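Visitor: I would like to learn how to read aromatic ring pairs in a protein model. Could you take me through a case?

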Amino acid sequence: MDENRLENNENIEEEDYGKTQEMDSIQLPKLSESDHHGITPREEFTELNSADDMSKTLLMDSMSGELPEDDYLPAENPVHRRKKKHKKKQINHTRTMGQIFLGVLLSVGALALGVMAAVNVIGGMRDITGLAKPNRQTDFEINASMGVNEIVDNLHAAGVIDMPALMKTYMKLTKQESGFLNGVYTLSANMSYNDLLETLKTEKTYTKTVDVAIPEGLTAAQIGKLLEENLVCRAVDFETCYKAKLNKYDFEEGIEADSNRLNMLEGYIFPDTYQFYVIDDMKKYPNFDTKKYAERVAEKMFNHFESQITRSMRSRMAELGLTLDETIRLASLIQWEGNNEENMAMVSSVFHNRLNDPETYPQLQSDTTDTYIDEVIKPAINSSNREKMQAVTDAYDTYKCEGLPAGAICNPGLDAINAALYPADTDYYYFVASSSGEFFWARTLEGHNENIAYVEQLEAQQNGES
């Protein structure tokens with residue numbers, strides 16, 4: 001029986017070896033040898049500690065003497081608890097250090113962003129106001145092809161502003177994105193945005209003037225060239241003022257639409273001496289846009305033309321059955337054919353006689369239109385418009401077209417206009433003039449041919465003598 005119990009106890013010890021090891025680690029007071037006599041016999045111990053309370057049985061196997069019942073309960077493993085507490089503290093420490101580092105990083109970042117924002121704000125205010133910026137001047141040009149973005153970008157490229165994106169935003173917020181004028185402006189880097197925008201939208205003032213004399217009989221192209229030579233405007237800009245109707249003047253109402261008319265307002269640029277401002281920037285900038293100056297020049301000339309056409313003139317046109325435009329076209333021929341008031345009136349009589357008898361004399365046959373074709377129309381012909389320009393040429397050729405040419409061939413003066421309105425009273429239908437300016441008149445073609453032969457002989461003698 002004792003052997004069986006021992007066997008059972010050994011089995012129990014093997015099964016709960018881990019608990020036994022745990023209990024072995026508990027430090028109990030050492031018992032003296034005399035104390036062992038008070039140990040309860042195993043049979044009694046076994047009876048007192050049934051299988052229902054195995055933990056006490058195991059505890060008693062390692063204890064001598066009696067302990068309070070509460071002390072029989074196994075304690076938590078202190079080593080295991082210390083490891084858990086240590087691990088928990090380590091995690092908290094790592095988390096705390098991470099939070100501190102993140103806080104420092106965010107603080108540094110916030111400080112850096114604050115510094116950057118402050119720098120940008122200061123730089124932006126400096127750029128907007130122009131304060132503390134260098135007083136560096138530069139010439140800045142605006143032309144018709146430039147948009148708002150290009151203007152601002154060019155201001156930045158020229159060193160006038162530092163923050164183009166800021167200026168674009170400023171212009172948008174203040175609604176100042178339009179109204180720029182073409183021209184060359186002197187700008188400074190220390191100008192505020194408002195000053196810059198106001199300058200770029202205000203026409204540059206020129207104070208120097210020049211007197212330009214426009215002789216009678218010049219073509220519109222020749223007048224444009226003369227204006228350019230005097231730095232008044234560019235010929236190409238002036239050309240846009242006479243190529244088509246402007247619909248700004250009363251005289252334009254009488255101009256009939258004609259696709260074969262080369263320069264619609266040719267003949268209405270009144271010859272006289274005018275005073276214009278000198279555009280000095282034309283010298284420095286080859287592509288300087290002078291459209292607005294050319295428009296003013298043309299306006300001055302066209303207004304002057306209207307002031308010269310009196311009520312009595314218009315009444316006389318009505319008597320003759322002529323419109324204002326027909327009068328100007330006729331006067332342009334007279335201007336190039338005659339050289340004084342007397343022979344202009346005689347030339348006018350020949351043209352009127354032919355116009356009054358269109359069945360016999362359908363063409364005016366003036367050599368002056370050949371000159372206009374050679375000097376003005378032919379230079380405008382190219383491979384793409386050759387067919388169209390041939391129709392224009394025929395419409396101006398008074399040996400082909402019936403009656404007056406499609407448009408004036410020059411800009412006549414008052415003498416030629418008055419001659420067109422008051423022709424001499426003759427029955428001539430032909431005339432020829434020598435190189436010296438002497439005129440020969442004829443009633444018939446035979447008489448005209450005799451005059452031509454005489455002039456040719458006279459010219460040959462003069463050339464032989466020289």
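Visitor: Is Tyr-293 buried or exposed?

Guide: This is a predicted model. In it, Tyr-293 has a relative accessible area of 8%. Buried means under 20%, so Tyr-293 is buried.

Visitor: How many aromatic pairs are there?

Guide: The count comes to 20 aromatic pairs.

Visitor: What describes a pair of aromatic rings?

Guide: The distance of the centres and the angle of the planes describe a pair of aromatic rings. Take Tyr-206 and Tyr-293: their ring centres are 5.8 Å apart and their planes are at 75°. Planes over 60 degrees apart count as edge-to-face, so this pair is edge-to-face.

Visitor: Which parts does the pair of Tyr-206 and Tyr-293 tie together?

Guide: Tyr-206 is in the loop between helix H8 and strand E3, while Tyr-293 is in helix H12, so the pair ties together parts 87 residues apart in sequence. Tyr-206 also counts as buried, at 9% relative accessibility.

Visitor: What kind of aromatic pair do Tyr-361 and Tyr-429 form?

Guide: Tyr-361 and Tyr-429 form a stacked pair, 4.5 Å centre to centre with 15° between the planes. This pair links distant parts of the chain, 68 residues apart. Tyr-361 lies in the loop between helix H15 and helix H16, and Tyr-429 in the loop between helix H18 and strand E5. Tyr-361 is buried, with a relative accessible area of 15%.

Visitor: Which residues do ring pairs link into a cluster?

Guide: The cluster consists of Tyr-249, Phe-251, Tyr-268, Phe-302 and Phe-305.

Visitor: Where does the charged end of Arg-354 sit?

Guide: The charged end of Arg-354 is over the ring of Tyr-430, 4.9 Å from the ring's centre.

Note on methods
Residues numbered from 1 in each chain as written. Predicted model: local features only at pLDDT ≥ 70, side-chain atom pairs only at ≥ 80, totals over all residues. Heavy atoms only, no water. Phe/Tyr/Trp six-rings, centres within 6.5 Å; stacked < 30°, edge-to-face > 60°. Helix = DSSP H or I, 4+ residues; strand = E, 2+ residues; numbered from the N terminus. Buried < 20%, exposed > 50% of the residue type's maximum accessible area, 1.4 Å probe, protein only. Lys NZ or Arg CZ within 6 Å of the ring centre and 35° of its normal.
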